[in-house]
Amino acid sequence: MGDKATLTVDGKSYDFDVFVGSENEKCIDIQSLRDQTGYITMDPGYGNTGSCYSSITYVDGAKGILRYRGYPIEQIAEQASFMEVACLILYGELPTQQQLGRFRDAIAEHAPIHTNLEHHFSGFPKSAPPMAILSAMLNLVSCFHPEVLEVHSEGRAFNRTAALLLSKVRTISAFSYRMAIGKPINHPNPNLSYCANFLHMMFSDPYREYIASPTVERALNLFLVLHADHEQNCSTSTVRMVGSSHANLFSSVAAGVCALWGPLHGGANTGVIKMLEDIRSSGHSLDYYLDLAKDKSSEYKLMGFGHRVYKNFDPRSRILKKRVYEVLEELKLDDTLLDIAIELEEKTLQDDYFLSRNLYPNVDFYSGILLRAIGIPLDMFPVMFAIGRMPGWISNWRELLAHKQRISRPRQIYTGEKLRQYVPIDER
Ligand code: SDX
């Protein structure tokens with residue numbers, strides 16, 4: 001704190017503290033605004049409004065910078081395992097071998113789910129959206145572990161709850177897929193890595209264990225690492241909103257799953273594939289789709305393009321674009337959707353509508369092609385995003401409680417009817 005911002009309204013001037021973050025981001029602390037002036041601010045979509053002070057992730061949208069606890073995503077993406085990144089995001093430091101070993105043991109310990117829980121999967125219709133199942137099952141899991149209903153943001157109780165959630169989200173997701181395709185569930189194998197175990201639970205069969213190739217395991221690891229946290233996006237803000245009422249961690253992230261499900265957010269990776277498949281099968285030119293996206297009356301958007309914060313490139317998209325090529329080559333796969341995606345990106349880079357609005361590929365534009373290459377079914381794409389984002393959600397929930405932040409309760413400006421008297425129905 002130090003500098004002040006002065007607001008003059010109704011002929012009077014008011015001073016408010018200016019706070020400068022560790023990367024020189026500046027904010028005006030307006031916590032006393034309404035008490036001092038009687039005014040509130042208005043910022044639908046919160047594009048100019050900070051909800052918290054956080055030390056977890058830093059994004060510079062103008063420079064295409066993303067860092068987890070100060071480490072650049074480019075370095076983390078190429079070198080760290082998802083479990084290392086989870087430790088970093090949860091506890092603030094890269095783990096030692098010993099710390100990582102203990103963390104992995106806790107994840108392995110909590111991988112199985114209670115047998116009684118398995119029956120609940122059969123209660124969903126085969127057509128049930130995986131994100132609906134995930135959100136429901138997260139709350140259901142907490143019913144079998146009453147200790148996680150306690151709100152602990154520190155110590156062993158928190159560590160156990162965090163490991164339990166990070167592990168169970170993977171098991172629940174794989175089980176929901178197996179039930180949807182009518183195949184027997186695969187129980188977790190504690191000897192496998194986080195990613196290899198997920199792929200085993202997804203794709204093994206009773207007479208043939210699925211052994212993930214290093215390429216596939218590395219590709220999934222990269223996907224999860226790139227999705228691990230991203231400041232106060234829609235779903236993370238939802239987790240904080242729910243957590244601010246001191247709701248338990250499982251119910252808070254179950255709400256985050258629902259926010260992530262939206263096609264403008266974590267549902268976009270599915271939308272990108274559907275858009276590329278539509279482009280491939282429709283016979284229309286790419287210009288046809290660009291024109292559609294520019295036509296306001298169409299409400300059509302190029303899925304995977306644009307971002308509230310990145311007004312340059314999304315670094316995650318660049319990393320994924322490079323890796324997708326390598327994975328397809330290593331797996332000797334050919335996906336014409338990638339060719340269409342590359343061509344579409346190149347066209348937007350020469351189109352003033354997209355350039356003038358800073359609409360570049362975001363994390364969802366290439367991630368879906370990577371998931372396709374490793375065999376993840378399309379309707380599971382948002383679930384993969386949720387698994388990846390779990391460390392970020394948990395860490396933000398914990399930070400909110402550690403900062404003893406007040407319950408979130410935004411204000412509004414009322415624009416409805418003024419005072420009027422009730423009229424009994426037989427007089428209307
Ligand atoms: C994620 O916040 C995060 O960090 C999210 C995320 C994370 O890691 O958590 O990064 C993950 O959700 C990425 C975004 C995935 N969604 C999509 O790809 C869906 C398509 N993109 C858009 O819906 C949109 O760009 C958003 C939702 C991503 C951002 O919306 P904003 O910030 O509210 O931007 P806007 O809608 O106000 O757009 C500004 C202008 C508008 O045109 P004008 O009114 O100025 O004429 O750009 C246009 C928009 O119509 N525009 C698009 C477009 N995105 C914005 N036009 C065509 N196609 C698009 N994709």
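So, the second largest pocket: 14 residues line it, and the ones that lie nearest its centre are Tyr91, Arg102, Phe103, Ala106 and Asn159. Keep in mind that what we have on screen is a predicted model. The volume of this pocket comes out at about 480 Å³.

Where does that lining come from? Three helices each supply at least two residues: H3, which covers 82–91, H4, which covers 97–109, and H7, which covers 155–180. And which helix gives the most? That would be H4, with 5 residues in the lining. If you sort the lining of this second largest pocket by class, you get 6 nonpolar residues, 5 charged ones and 3 polar ones.

Okay, let's move to the sheet. Here we have 3 strands in an open sheet, and the order goes S4-S5-S6, with antiparallel pairing. S4, at 57–60, and S6, at 71–72, are the edge strands, so to speak: each of them pairs on one side only.

Let's zoom in on S4 and its partner S5, residues 65–68. They run antiparallel, and 4 bridges join them.

Now, which way do the side chains of S4 point? Thr57 and Val59 go one way, while Tyr58 and Asp60 go the other.

Last stop, the largest nonpolar core. It has 117 residues, and the members that touch the most other members are Phe198, Leu276, Leu344 and Ile376. Which helix brings the largest share of this core? Helix H18, residues 381–402, with 12 residues.

Let's take Ile376 as our example from that core. If we leave out residues up to four places away in sequence, what does Ile376 touch? On the list are Phe198, Leu199, Met202 and Phe203, and then Leu371, Phe381 and Met384. Notice Phe198 in there: like Ile376, Phe198 is one of the core residues that touch the most other members.

Definitions and conventions
Residues are numbered from 1 along each chain as its sequence is written. This is a predicted model: local features need pLDDT of at least 70, side-chain atom pairs count only at pLDDT 80 or more; totals for chains, interfaces and linings use all residues. Side-chain values use heavy atoms; hydrogens and water are left out. A nonpolar core is a set of buried Ala, Val, Leu, Ile, Met, Phe, Trp, Tyr and Cys residues joined through side-chain atoms within 4.5 Å. Buried means under 20% relative accessible area, exposed over 50%, partly exposed in between (1.4 Å probe, protein chains only). Contact means heavy atoms within 4.5 Å. On a 1 Å grid over the protein atoms alone, a cavity is a set of points where a 1.4 Å probe fits but cannot get out, and a pocket is an open set with protein on both sides within 12 Å along at least five of seven lines; lining residues have an atom within 4 Å of a point. Grid points are joined across faces, edges and corners, and a volume is the space filled by probe spheres set on the points. Ala, Val, Leu, Ile, Met, Phe, Trp, Tyr, Cys and Pro count as nonpolar, Asp, Glu, Lys and Arg as charged, and the others, Gly among them, as polar. Two strands pair if DSSP finds at least two bridges between them.
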